[in-house]
Amino acid sequence: MESKKLAAEKAVEYVKDGMIVGLGTGSTAYWAIQKIGQRVKEGLSIKAIATSKQSEDLAKELGITLLPFAEIDEIDVTIDGADEVDTHWNLIKGGGGALLREKIVAAASKQLIIIVDESKLALELGQFPLPVEIIPFGFEMTMRKLQKLGAEPVLRKAGDQAFVTDNGNYIADCHFGSIAQPEELHLTLNQIPGIVDNGLFIEMASVVIVGYANGTVRQLEK
Ligand code: 5RP
């Protein structure tokens, strides 16, 4: 937890007065939102957009001003976690089920800062099952299509019910094994009707900050 916090707090140094800031989702992004909240209390003037209801609620609690997309052309900086980061800074995201809003916010951001602990660094993506957001209608068929791609999809559950995203959709966690061609897979998946988006974030990260168990924090160089 400390290493996640270290990475998060380092990332918040990128946040400056007057910026519009994208707030990520998850246990690492939590620390970034906390730090932003603290700086807002100290006088920092920013506006934010959240990638999930969970982060929106936290931001409201901390007194961070939130904006709807209708009022935003561009986001200056977004700080978000990831489930895996490869050596090209391609990512798997969506462990918390917020991948769709996270990708919409990331795509609207001038800078996407990814904050992780060292356990998330990978030579190749795919150890972490790839979350794929699917429409409830016909989801059994969509899961079969995923299976035909070699995915071993598992419908994510919340108790004994299907987990439902903030967008009213389901998540299929797909065990592909090592993903040698993430860009290709990303395109293939998003062509399947019923798939809204998948958790591969290709060449979207601008900065990767890693917290280590020994208490150090490092911004990666490409
Ligand atoms: C949520 C995400 C998270 O950023 C990702 O799952 C990492 O989470 P954590 O920081 O809790 O390890 O993509 O959809």
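Predicted model: local features only at pLDDT ≥ 70, side-chain atom pairs only at ≥ 80, totals over all residues.

1. In Ser27, an N or O atom of the side chain is 2.5 Å from a ligand oxygen atom. In Glu102, a polar side-chain atom lies 3.0 Å from an oxygen atom of the ligand. Of the 380 Å² of accessible area that the ligand has on its own, the protein covers 92%.

2. Which pocket holds the ligand? The ligand sits in the largest pocket. There are 18 residues around the ligand, and those that come nearest are Ser27, Thr28, Asp83, Gly94 and Lys120.

3. The composition of the shell around the ligand deserves a remark. Nine of its residues are polar, six are charged and three are nonpolar. At least two residues of the shell come from helix H2 (27-41), and at least two from helix H4 (99-107).

4. A separate point concerns Lys53, whose place is in helix H3 (residues 53-61). Is Lys53 buried, partly exposed or exposed? Lys53 has a relative accessible area of 45%, and it therefore counts as partly exposed, since this class lies between the limits of 20% and 50%.

5. Lys53 may also be placed relative to Ile36. The two residues are 17 residues apart in sequence, and their C-alpha atoms are 17 Å apart in space.

Technical notes: Residues numbered from 1 in each chain as written. Heavy atoms only, no water. Near = heavy atom within 4 Å. Polar contact = N/O pair within 3.5 Å; in protein donor to acceptor, adjacent residues only side chain to side chain. Areas by Shrake-Rupley, 256 points an atom, 1.4 Å probe, with all protein chains shown as cover. 1 Å grid on protein atoms, 1.4 Å probe; cavity = no way out; pocket = protein on both sides within 12 Å on 5 of 7 lines; lining within 4 Å. Sits in = over half its atoms within 2 Å of the grid points. Helix = DSSP H or I, 4+ residues; strand = E, 2+ residues; numbered from the N terminus. Nonpolar A, V, L, I, M, F, W, Y, C, P; charged D, E, K, R; others polar. Buried < 20%, exposed > 50% of the residue type's maximum accessible area, 1.4 Å probe, protein only.
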